[in-house]
Number of protein chains: 2
Amino acid sequence: MSKQKINVNQNILNMEYAVRGPIPQRAAKLKEAGKEIIFCNIGNPQALGQAPITYYREVISLLEEPSKISRERELKSLFEENSYSNLRDEDFIAEDLLALSEKILAKTGKGLGAYTESKGFRFVREAIANFINKRDGFNTTNGLEANPDHIFLTDGASDGAKRVLNLLIAKKTDGVMIPIPQYPLYSASIKAFGGNQVNYYPDEDRDWALDRAALESAYNTATEQGTDVKVIVVINPGNPTGAILDSASIHEVVAFAKAHQLAIIADEVYQENVYGGEFISFAKALENDKDVLLFSLHSISKGFYGECGHRGGYLEVRNVPQVEGAEMDFVDLLLKQASVSLCANTVGQIITYLMVSPPNGENAALEQFHNEKEKVLGDLYEKASMVRAAFAQMEGVEVFGKTGAMYLFPRLNKLPAGTTDFDYCMALLEETGLCTVNGSGFGQAEGTHHLRIAFLPSKEELEDVLPKWVAFHNRYVNG
Amino acid sequence: MSKQKINVNQNILNMEYAVRGPIPQRAAKLKEAGKEIIFCNIGNPQALGQAPITYYREVISLLEEPSKISRERELKSLFEENSYSNLRDEDFIAEDLLALSEKILAKTGKGLGAYTESKGFRFVREAIANFINKRDGFNTTNGLEANPDHIFLTDGASDGAKRVLNLLIAKKTDGVMIPIPQYPLYSASIKAFGGNQVNYYPDEDRDWALDRAALESAYNTATEQGTDVKVIVVINPGNPTGAILDSASIHEVVAFAKAHQLAIIADEVYQENVYGGEFISFAKALENDKDVLLFSLHSISKGFYGECGHRGGYLEVRNVPQVEGAEMDFVDLLLKQASVSLCANTVGQIITYLMVSPPNGENAALEQFHNEKEKVLGDLYEKASMVRAAFAQMEGVEVFGKTGAMYLFPRLNKLPAGTTDFDYCMALLEETGLCTVNGSGFGQAEGTHHLRIAFLPSKEELEDVLPKWVAFHNRYVNG
């Protein structure tokens, strides 16, 4: 067999994934060879030094080894009784965190080591429903409350997106509309599941806003070519653009989806990463509209928590339709699909619970939590501003949209004849050690060039590398 | 949309998954209504009271909140200096576990919160390679050492099986040979990926042994019908049979796969669950045979650890072929596929590391680890024996094979005319609260009836329920 060739699934063979593509692979090689590399190719905050949020980690640490809860109380009371001067209250885990951990442990039933329900722990799904209700003002009066039975815990949001696309793509001619540029999870998954990618183009010069004409044009062209468009993907805040969608754009998408009976996949993993702009969820934008099937995705990997390695997230479904040719609805089908994977990992589930249940007024962890949160989000905004300031010194570089997510996606208006953004990013990497991803890895309007940078390195690293980038840029584009 | 019907992927619509099918669903309903249920439908040890292994959990707990490592040392030295009588050394985490956690933390680079390489942490893959080498006697002299670059960390073994099947099934006529009975992950995945299920029949009366004639017959029938058989799945120890495959059977499969140029998927997740029999890996059976492509799967969910909820495992590939029509080999393709999911969850990765790196002689955790391990495995064997003893009191019940895995799969030779094993299991559930899975959920030779029971409840629960089952059985079969 090893001497022979094997015939494989062509859909996966043809799939591309630039975020871990040739430039990051070259960066890894350079690093092995001893070069200092700053990995800005991926939104992986803790890899670049962002500290985890203590609140999440204290609780998970106790849940993994619950005997430590009672021991902590015993140690603490021993110290208090004997009034050690060397130790202070802060050296012990706060009682409310111990009590919270006990409460969560009881809700899990058997801790973190057992398979959960296929959809995930019910108490986590209930907490997610409460979070959505609070975020979007849903209640029994307006009848828009989230349904815990329509929520699935997933191993990161990528898992949720793939599950939905795998179910919706029923035949080769089924189409999925995705924005260009897009996060390559979508193009890769559409290819893997054998569907048709239908591109639509947000208007870069209008801060990546969506207008109806652009959506209709993409839809019509695809339909004329025999594609049966079934769903539109929207990423807000954007990836790779980092731009925050305005209210008008979001409502355009809803009206468009309704007119053509399309489902919407709303990738809202960066909903906490809005610096100055406002996040509006698609669930909120739908309001009483019962005609549009909505899948919304969230994740523990982004926001101010950045718990990428723990692989947690959720998928909420609204306006669940019946399945054609079967005695079940779409949630039943999602459940059947989920059951084959047994369940999402329990630590990711619990961090999702904590993400939607931040410390409240009764909790001593409150102040530390808010300090850590403000620090991370403040730093991110400051770092984005530093990168923007560097762009202002680079010839022919423009960047559009209100800053959101963890990315900037500048347009490179001036490149030497015959060179591409791939060449530019590779040269930038070789010269400065800065690893970005070329715009063509995400797709871009023909004739334009971009790159995506995750603004995650430390300020010190940025202060060091940005002047080098400016110098590189102004030399390269005139070279 | 909610009033309409949606057209979906028929492959997933047609998929079945009995382990979480109608009988377990009925059991969940009964439990909600207040009935005592013993869930023996699934290998989920910690849900049935099995305690986690302390060694794994102490380390994970420290890695989630690393500040606790230095604090533990400080507390310990304070106590020692002040000679508290209330506390003993055992109340503190042993220094070697603290040191081990520090060592692992350093190897991760940035802890558990960052995405890892797509294949998983390299140091974990190296430890897995060492584990395989040690288990199977591979070394530089015989040239059979495992290659860490050919190992992928996965979210449980199911994830690994699905990845491989998704790549191997390239067209509708591609066939996958699976044993009957089988674990429904395989039938469900083959259906989901649009391939052909080709059944082969281990010989129940010969303790589920495999013989060449049965394999050839299944292969020939499929080939004559236009199926292009590409791979054979073997589950050892068996699921649902619980039987341990003998050496002759394993070597038959290798010779058969070689003769027909098939790949082998060896599902070896129960390799630690052998009670009296011997586990022989397919990697070992292959030896110097470079002609057979082998995928072997392992998991943290089974064995004596039972860390199902943490979703960890690995996939090892041997004798990697080139991919037809591309400048890459099969491992490159697996890597491309893995990169779209970013990485397996880090906690599952670290527990996999600990699974393949048990405490050694220098480690104070050694004794506790071995005690816990022996207790779990000893209990499992005892509980299997209790269930077998009950079978001996049931009319027309036979069970074959050396006890392995976590299951017994008795044949019900006597059922009332017109009833099936599904009816039997449902009636057993309603009467005794014991939730098993009907043999037809796994597939079985025509005209036979079985059920699968996971022998995981406590001895007390078994002592209570087994006599009820015997009474139920002897009444039911004569009813």
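Biologist: In which sense do strand 3 and strand 9 of chain B pair, and over how many bridges?

Modeller: First, some housekeeping: this is a predicted model, where local features need pLDDT of at least 70 and side-chain atom pairs count only at pLDDT 80 or more, while totals for chains, interfaces and linings use all residues. Residues are numbered from 1 along each chain as its sequence is written, and chains are lettered from A and ligands numbered from 1 in the order in which they are written. Strands (E, at least two residues) and helices (H or I, at least four) are DSSP runs, numbered from the N terminus. Two strands pair if DSSP finds at least two bridges between them. Here, strand 3 and strand 9 (residues 313-318) of chain B are antiparallel, with 4 bridges. Thr154(B), for instance, has Gly313(B) as its bridge partner in strand 9.

Biologist: Which helix packs on the sheet there?

Modeller: Helix 6 (residues 122-136) of chain B, which touches strand 3 and strand 9 of chain B. Touching is about contact: C-beta atoms, placed from the backbone, within 7 Å. For directions, axes are lines fitted to C-alpha atoms, for helices over the stretch in contact, and angles run from 0 to 180 degrees between N-to-C directions. The direction of helix 6 makes about 115° with that of strand 3.

Biologist: What is the strand order of the whole sheet?

Modeller: It is an open, mixed sheet of 7 strands in chain B, ordered 3-9-8-7-6-4-5. Strand 3 (151-154) and strand 5 (196-200) are the edge strands, each pairing on one side only.

Biologist: How are chain A and chain B related?

Modeller: For this we superpose copies by least squares on the C-alpha atoms of residues with pLDDT of at least 70 in both. A rotation of 180° with 0.0 Å of shift along its axis places chain B on chain A, with an RMSD of 0.0 Å. The two copies are therefore related as by a two-fold rotation axis. Within chain B, Ser61(B) has the C-alpha nearest that axis, 2.1 Å away.

Biologist: Which peptide bonds in chain B are cis?

Modeller: Two examples: Asn236(B) to Pro237(B), with omega about -10°, and Asn239(B) to Pro240(B), with omega near 15°. Pro237(B) lies in the loop between strand 6 (228-235) and helix 10 (247-260) of chain B, and Pro240(B) is likewise in the loop between strand 6 and helix 10.

Biologist: And is Ala405(A) buried or exposed?

Modeller: We count other C-beta atoms, placed from the backbone, within 10 Å of the residue's own: 20 or more is buried, 12 or fewer exposed, and in between partly exposed. Ala405(A) has 31 such neighbours, so it counts as buried. Its phi is positive, about 55°, although it is not a glycine. Asn319(A), also not a glycine, has a positive phi of about 60°, but with 19 neighbours Asn319(A) counts as partly exposed.

Notes:
Two residues are in contact if their C-beta atoms, placed from the backbone, lie within 7 Å.
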